[in-house]
Amino acid sequence: MARAKDPLRKNAIHLLFKEYKNRITKLTRNSKANHYHNFFVQNKANLLKTWKGIKSIINTSSTSSNNDINTLIHENRTITDKTEISNTFNSFFINIPKNIEKTIPKSKKEFKDYLKNSNPQSFYMRPTTIDEIINQIKKFKNNSANGPHSIPTKILKECKKELAFPLEILINLSFEKGIFPNSLKLGTIKPIFKSGDKTQCNNYRPIALLSNISKLLEKLVYDRLYIFLEKNKAIYNHQYGFRWNHSTTHALLHTTEIIREACDKKELACTVYLDLRKAFDTVDHQIILHKLKHYGIRGLGNKWLESFLVGREQSTTINTKMSQLGTVLFGVPQGSVLGPLLFIIFINDLNHCIKYSSLFHFADDSKLLYVHPSIELINNHINYDLSLLVDWLRANRISLNTKKTDIVLYRPKQMETMTENLNIVLGREKLGVSDTVKYLGVELQENLKWDLHLNKIITKLHRAIGLLSKVRHYVPIWLMRTIYFSLFNSHLIYCCEIWGQKPTVLFQKIE
């Protein structure tokens, strides 16, 4: 075309080229749209495949977390054998709680010293019914991954009426005898890469897959146990994690309102954000069983939960190679239904050791909050409370990570220099003061402004808009709505009750 000497012919060829180019572009786009439309319709019930399809549209490579571990360096050894890599990971994950427990100094107190007002009422393991089992099976997600000794979820849901009767017999027998089936105690671990060097075990997070029959059994016990604890008002008021009608928003609203009121009164609000090391994984079984008795879970209920906790085994699968089985000696089972509830029972009495501060929990995300106009009293009282907290942690065999424990001193503008006089010590180590902290997904600044958090929201919304723009030609409208609510609206509304109370210039960018 460029060599054509006749201008009219050159222009005609150029127009013809544009016409064919546009026609090919349209055909390609329509063909691609039809392909993805059919793909998404066929996999509408499969969330995993749906998101894989979305990633293929935007050319986002799906990085595998466990299939590309071909080399591991552990204890100065380079390991390339696939089975040995799996065995090394399994041993590493099992030994983490044991190694942490060894580092915890002995306490002069016992965990029993912190337990007050034993519940006189006793928990009853009420038998289940066929209707209750069917209703629980209906709630299972079709695409959820299941561990060993599972019935494929689709078959379980399709055959729920036929399976409910034998399951009722087996589950009620388990309740009657106080025994959790050994075959359901096995978990399969898949290491998920976090960040850093891929050859190091500590850069992976273990994700546990358990039997869906185990989860069915646990859910039945969970509902009974939770209702019993709430009815007897056994759970600490300021525990916001894993409780019905409680959320991160509630936890943040409560504490930020206390801080706002303090700043309005020209007072200081000092908050210590605690980082408990592998808290779920290091729970001592004998301690939690004793606490369960204290809160009213005695007899067969306690025996059943002991059977549920003790004698569990796990294996790790990498590159299709499964490790040898290892026995889990500590912790509440990861990936289980009952695990989080058992943990909040375990940590339920931590507030009894604190004298001056208020203690707030979202599961293991805990923080101390103390308000006072005097920086000297803040230093004295928080240091005293932290020394008491350390005693509780030692008595309960839980470790605190001082390097990840943050302090923020919230204060009015007239008292900006007060941080220079803050002197908070944990053990023999002075804790540093931060001007910002990320807590429950929200960036909290020392002046209680939201510039940092709003800018991060804006960045996330820009990314979501970019993704929506890329996929809009190829996905049906129902899926566009799903993507919008997942990637855009979720960031827009998360905890907006906290950061959205006072309009700023950044609100215009969000709008």
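Q: What is the volume of the largest cavity?
A: About 400 Å³. A cavity here is a set of points on a 1 Å grid, over the protein atoms alone, where a 1.4 Å probe fits but cannot get out; lining residues have an atom within 4 Å of a point. Grid points are joined across faces, edges and corners, and a volume is the space filled by probe spheres set on the points. The model is predicted: local features need pLDDT of at least 70 and side-chain atom pairs count only at pLDDT 80 or more, while totals for chains, interfaces and linings use all residues. Residues are numbered from 1 along each chain as its sequence is written, and side-chain values use heavy atoms, with hydrogens and water left out.

Q: How many cavities of 30 Å³ or more are there?
A: Two by this rule.

Q: Which residues are closest to the centre of the largest cavity?
A: Asp 281, Gln 314, Val 328, Phe 330 and Gln 334, out of 27 lining residues.

Q: Which element supplies the largest share of that lining?
A: Helix 3, with five residues. Helix 3 (82-103), strand 3 (186-193), strand 4 (204-209), strand 6 and strand 8 each give at least two. Helices (H or I, at least four residues) and strands (E, at least two) are DSSP runs, numbered from the N terminus.

Q: And the largest pocket, what is its volume?
A: About 1200 Å³. A pocket is an open set of points with protein on both sides within 12 Å along at least five of seven lines.

Q: Which residues lie nearest the centre of that pocket?
A: Leu 276, Arg 277, Lys 278, Ala 279 and Asp 364, among 40 lining residues. Elements giving two or more residues to the lining are helix 3, strand 4, strand 5 (268-274), helix 11, strand 10 (365-372) and strand 15 (436-439). Helix 3 gives the most, with five residues.

Q: Switching to helix 9. How many of its residues are buried?
A: Seven of 10, which leaves helix 9 mostly covered. They are His 285, Ile 287, Ile 288, Leu 289, Lys 291, Leu 292 and His 294. Buried means under 20% relative accessible area, exposed over 50%, and partly exposed in between (1.4 Å probe, protein chains only).

Q: What covers those residues?
A: The cover includes helix 10, strand 8 (326-328), helix 11 and helix 12 (375-395).

Q: Which residue caps the N-terminal end of helix 9?
A: Asp 284, through a side-chain oxygen 3.0 Å from the backbone nitrogen of Gln 286. Just after helix 9, Gly 296 has a positive phi of about 110°.

Q: Which residues of helix 10 are buried?
A: In helix 10 (residues 299-309) they are Gly 301, Asn 302, Trp 304, Leu 305, Ser 307, Phe 308 and Leu 309. These pack against helix 6 (160-177), helix 7 (212-231), helix 9 (285-294), strand 6 (312-318) and helix 11 (339-346).

Q: How many residues are in the largest nonpolar core?
A: There are 79, and Leu 229, Ile 297, Trp 304, Leu 338 and Leu 386 have the most contacts inside this core. The largest share, 10 residues, comes from helix 7. A nonpolar core is a set of buried Ala, Val, Leu, Ile, Met, Phe, Trp, Tyr and Cys residues joined through side-chain atoms within 4.5 Å.

Q: What does Leu 229 touch?
A: Not counting residues up to four places away in sequence, Leu 229 touches Ala 234, Ile 235, Tyr 295, Ile 297, Leu 341 and Ile 345. Contact means heavy atoms within 4.5 Å.

Q: Is Ile 382 buried or exposed?
A: Buried, because its relative accessibility is 0%. Ile 382 lies in helix 12. Leaving aside neighbours within four places in sequence, Ile 382 contacts Cys 270, Val 272, Ser 357, Tyr 370, Leu 377 and Ile 424.

Q: Where is Arg 411?
A: In the loop between strand 11 (406-410) and strand 12 (425-426). Arg 411 counts as buried because its relative accessibility is 9%.

Q: What does the side chain of Arg 411 make a polar contact with?
A: The side chain of Glu 446, at 3.0 Å. The Arg 411 side chain also reaches the backbone oxygen of Leu 409 at 2.7 Å. A polar contact is a pair of N or O atoms within 3.5 Å; within protein, one must be able to donate a hydrogen and the other to accept it, and residues adjacent in sequence count only if both atoms are side-chain atoms.

Q: Last one: how many disulfides are there?
A: Zero in the whole structure, taking a disulfide as a pair of cysteine sulfur atoms within 2.5 Å. For Cys 263, the nearest cysteine sulfur is that of Cys 270, 12 Å away.
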